[in-house]
Amino acid sequence: MAFFETLGTLKEKTKDLASAGKQKSKEFMEIAKLNMANASEEEGIRKAYGEIGKLYYAERGMAPDAPYTALCERITSAKSLIAENKARITEIKEAEGEDVQWPDDPVESDVPPEEPSCEAKDDACDCGCSDQPKADAEAQNPKTPEA
């Protein structure tokens, strides 16, 4: 009889542990969802701060209030340097001619960018290519015979 009582007690403890584990799992999931929601809200706040700064600079950038003078001067200086750099880029491109396609020129395309592929010779990379079966990896990166 003691065996069956011990077995019954063990069964109850197992159920209690499973129930507690299930509850903890639900709590962890809720915490993860809340953390993701918080991160999203913080990103929204960061964007709003940026927009406030842009509006302030647009309205008062040339005559800012005292606490904002240094920041507005940094923005004005950076914009001036960017304009100078763009002018120099234009000069260089015009000197070479219009028929040259420069690498930094935006090219419009409906083709999505390719997934990066790993060219590592060993399994020490962190790209996840070692997780693929060998046949799949070779099919995606076929080796060409060297001459």
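**View 1. A nonpolar patch at the surface is built from Phe3, Phe4, Leu7 and Leu10**. Together these four residues have about 470 Å² of accessible area. Patches take residues with over 30% relative accessible area and no salt bridge; like charges are joined within 9 Å, and nonpolar side chains (Val, Leu, Ile, Met, Phe, Trp, Tyr) within 5 Å. Accessible areas come from the Shrake-Rupley method with a 1.4 Å probe, and for residues only the protein chains shown count as cover. Phe4 lies in helix α1, residues 2–60. Phe4 is exposed, at 60% relative accessible area. Here buried means under 20% relative accessible area, exposed over 50%, and partly exposed in between (1.4 Å probe, protein chains only).

The model is predicted: local features need pLDDT of at least 70, side-chain atom pairs count only at pLDDT 80 or more, and totals for chains, interfaces and linings use all residues. Residues are numbered from 1 along each chain as its sequence is written, and side-chain values use heavy atoms, with hydrogens and water left out.

**View 2. The whole chain runs α-α-α from the N terminus**. Helices (H or I, at least four residues) and strands (E, at least two) are DSSP runs, numbered from the N terminus. Of the 147 residues, 3% count as buried. The chain exposes about 13800 Å², and carbon and sulfur atoms supply 58% of that area.

View 3. A salt bridge is a side-chain nitrogen of Lys or Arg within 4 Å of a carboxyl oxygen of Asp or Glu. The structure holds five of them. Glu43 is partly exposed, at 31% relative accessible area.

**View 4. Lys54 and Glu51 pair in helix α1**. Their side chains meet in a salt bridge of 3.8 Å, N to O. Three residues, about one turn of the helix, separate Lys54 and Glu51. Lys54 counts as exposed at 57% relative accessibility. Glu51 is partly exposed, at 43%.

**View 5. Arg88 and Glu91 pair in helix α2**. The salt bridge between their side chains spans 3.3 Å, N to O. Helix α2 covers residues 69–96, and the two partners are three residues apart in it, so about one helical turn separates them. Arg88 is partly exposed, with a relative accessible area of 47%. Glu91 is partly exposed too, at 46%.

**View 6. The second largest pocket has a volume of about 190 Å³**. Its lining residues are Ile52, Gly53, Tyr56, Tyr57, Tyr68, Leu71, Cys72, Arg74 and Ile75. Helices α1 and α2 are the elements that give two or more residues to this lining. By class, the lining has seven nonpolar, one polar and one charged residues. Ala, Val, Leu, Ile, Met, Phe, Trp, Tyr, Cys and Pro count as nonpolar, Asp, Glu, Lys and Arg as charged, and the others, Gly among them, as polar. On a 1 Å grid over the protein atoms alone, a pocket is an open set of points where a 1.4 Å probe fits, with protein on both sides within 12 Å along at least five of seven lines; lining residues have an atom within 4 Å of a point. Grid points are joined across faces, edges and corners, and a volume is the space filled by probe spheres set on the points.
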